[in-house]
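Open the structure in your viewer and keep the selection tool at hand. This tour goes from one selection to the next and says what is there.

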Amino acid sequence: MESEDKTLLEVRNVTVERPAGLGERRIGLRRVSMTLRQGEILVLAGETGSGKSLLARLIVGAAGPQVKPLGGTILFEGRDLLRMRARDLQQVRRSSISMVTGDSIAQVNPDCCVRQWLRDCLRLTRRPRELASEKAWSDYFHSVGIVEPEQILSKPMGDLSSMLLKRLLVMKAIISRSRLLICDDATSGLDRIAEAQFIELLCQIREELGLSILMTLGSLRGVERFADQVAVFYEGGILEAGPARELLEAPQFAYTREFLACEPRLSDLPRELSTISREAAREAEEAIHEASSSLDGGTV
Amino acid sequence: MARLFLQSLLVALIRFAAAGIALIMLIEVVYCVIGRTDRHVWLPESYGPVPAELTTRPVNWSGLLRDRAAASLPVMLVSLTGVLLIGGAWGTLGARLRRFRGTSLLGAPFSIFACVPGFWFVILVAIYSYFQWKRPGFANELVVERGPDILTWWHISVVALPAMAAGVAWQIRAVSTVLEKEAARPYLRGLFIAGYSDEDIFYRNVFRRALPSLLALSDRTLSCLAGSLVCLEYAFRYPGIGSLLVESVKLGSYGGILVSALSMAAFVSLCVAVSECVARLVKPEGFSS
Amino acid sequence: MNRRNSKVIHLLRLFMARIWQIRRVILLVIPYLFLLSWLFLADSRMDVRPGVIYEVPDVPAWEKPDKAHWFGTTGNGVDLFELSRLAMATSVSVAVVTTSLGIGLALLLTMLFVFDPGERRFDLLNAVSRAGFVMPSMVFLVILTGASGGSLVIAISGLILVIAFHLCPVMAEWFKEGESGFDVVSGYALGLSRREIVINRVLPKVLRRLIGVFASLVPVVVMAEMALSFMGLTGDRLSCGAMIAYGQDLIIEAPWMSIYPGIMASLVVLALTLLGWRVSAALRTGTLPRLF
């Protein structure tokens, strides 16, 4: 059993309400509990709208003013992020937690050149003197796989490719000495090769720097190769969770089995693509609602 | 930079020429086609010396232009400075505080004042001036002693005020709209997640990106300010370019109309050229269409 | 057991739901109608030529404002309050007609270019508009109305042209925005012609904004019309501007003759402006360019 000293992020019974259109409100997260230890990769997998991105944004405090926490805590290094002052949370975002999203261009000012963007990052992390010279940046560029950085320094961020932007965002996490990197659907929009390269980069920085990574993904394909823990989301709650290999080899719920089987393989053609069956969805819904009404909830 | 300025100047010249041609055609259509006179605009005999009603001393057209422009220019500069500074600053503040509902009231005093017809404001000033200071309140040479400079500046300010109020009211809303539109872009959430402060996000990113659009607003401001002075100078009996236009139209003096309208067009063209230059320096990608 | 509501009740419910959705617009239209009806209930039997009304006889019969005559009377004993109301009604009618026709002309001119599929289809409109900034609209109106001898038709035509000139680039921008929606993309995917897409999918979005444009522009045109009549460029026709101009000569003997028509004009324009802003905000019209 890992000692609790190495726990970096702990989500305890978080329940959150969100707007659902036409003035209605719905439960976005149902008594979600999970733990992320240092140097670990935790994957949150689930369908679109299951609440995994909402949890990711809630951790960085970017869920929006209309999302209201109804209960629970999110402890990051022992401090409750849900009850932190805005200024303190801003400091956490600057130095301790970084985020890479699927739409990387929406994370940067498209008109700003790379050089200026890096200087802004250094200013935010209060390391401008340490890395004042551009030569000092070269190690960081190489650590994220950017081979000829001088070619991109003057380019506007909006002109860079999606993969290059993600590399730069990971580099920013390294420069700011973040302890947690949240990748919210970061592999969407990448081709298979780029996706593999990005995951390889994440594993590499996890090994070298001990960075903890929380990833949200829309499928369970291949997660056993890099993830330590996996949590399957369904309708705002965690259906089941555990070590990646164990969960994928012997999932507890039919939903998880069918979710895993949804990925079409070449050998499966020609036949109809698989979807989640009604029985599996019903079983998952009952489990979630039962878990959310009990004291323990779904826990990693 | 010199090339940039010359390009802007060339475009300004083309626009000025187009305005001049349109003006000549307008005079011809209105006076000769609708008014059915024989005084065609291209005939030299349609022009003559400066009519006595337009000036108090013997002067030629260039002298008249000099006198009137010297009176109008300070008014234009005072009102333009007020509009750009107050309107720009208030509008930026309104956008910066957009999360607070009361910010829409920031421009309320100017908007209310802009609903007051400027020529009626003149009447109030004239009445106040007469009953309070025991002097007739209008600004023409016959009734106002050209005494200390402060009186001249008082008249300049009072003429500029109604034009400025209407300009400020519109400028506040336009600047706020441009900045709020820019502040709604998706990349700002990414900057927020990265830990940028509100001030960083607004001033270093939103304001910077919106600067070319804000500069483009000044084109219309200039044109409308020049137009509003036409009525205000006439109302105040202020001897400027605007009142010259109205008096010339009433007299049917082609020379006066051309001198006044073209000088306003030249001023606006030059200022628009300068603002386009500045906009291109801020964003070198090219002119706005 | 499922019970189906009768069709009448269902339609009634639908109607009430629609009314509830547009309740804010209805709340704004009611004061509009009240204001306009109050203005147009002015006694129109009075002689409406200001030259006659403001003629000062040898022994002026004017009265200061009192309980019987809130705004006082003119030299001929005509009640200034009723006169101001009639003058505002005239200005507002001119503004309503002018604004409607101006918006219609702008729409027609823009529609000439809308069916062209090219990216730069509105370049000519934008180029003409940018060149036209150089000559202020008020200069154009002063020359047009002053030189034509104060004809109301010429004045209205000039205002219509100014409105159309300034609105064309704005409408062009709205058409461009409307064409970026998913419904347009799906229309192309379904094989609809450009004409069908523009008329059925893009044009309704633009038309919805025009009510807000109308509401915002009416007070602006009222002010412009009053400015032209103040300068004496719209002939001997009753307007608050003309009343203030005539009253300017009597500011010492009878200051109420220029003060109170101005108060009436300011309050009506303020009311129309505030209503116009609320309507355009409710319909999400956006900020319009400044015309004068």
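Two residues are in contact when heavy atoms of theirs lie within 4.5 Å. Keep in mind that this is a predicted model.

Start by selecting chain A and chain B. How many residues of chain A are in contact with chain B? There are 21, and they meet 16 residues of chain B. About 1600 Å² of area is buried between chain A and chain B, and carbon and sulfur atoms give 49% of this. Now pick out A:Arg93, A:Asn109 and A:Arg123 on the chain A side: these lose the most area to chain B, together 28% of what that side buries.

Next, show A:Arg123 with B:Asp200. Their side chains form a salt bridge, with an N to O distance of 3.2 Å. Across the interface of chain A and chain B, the rule finds 3 salt bridges. It also finds 6 residue pairs in polar contact across the interface of these two chains.

Colour the helices of chain A. H3(A) gives the most, with 4 residues. By type, the residues of this side of chain A divide into 10 nonpolar, 4 polar and 7 charged.

Last, move to chain C and select C:Thr99, in helix H4 (residues 80–114). Is C:Thr99 buried or exposed? Its relative accessibility is 0%, so C:Thr99 counts as buried. Leaving out residues up to four places away in sequence, C:Thr99 touches C:Ile163, C:Phe214, C:Leu217, C:Val218 and C:Val221.

Methods: Residues numbered from 1 in each chain as written. Chains lettered and ligands numbered in written order. Predicted model: local features only at pLDDT ≥ 70, side-chain atom pairs only at ≥ 80, totals over all residues. Heavy atoms only, no water. Helix = DSSP H or I, 4+ residues; strand = E, 2+ residues; numbered from the N terminus. Buried < 20%, exposed > 50% of the residue type's maximum accessible area, 1.4 Å probe, protein only. Buried area = accessible area lost by both parts, 1.4 Å probe. Salt bridge = Lys/Arg side-chain N within 4 Å of Asp/Glu carboxyl O. Polar contact = N/O pair within 3.5 Å; in protein donor to acceptor, adjacent residues only side chain to side chain. Nonpolar A, V, L, I, M, F, W, Y, C, P; charged D, E, K, R; others polar.
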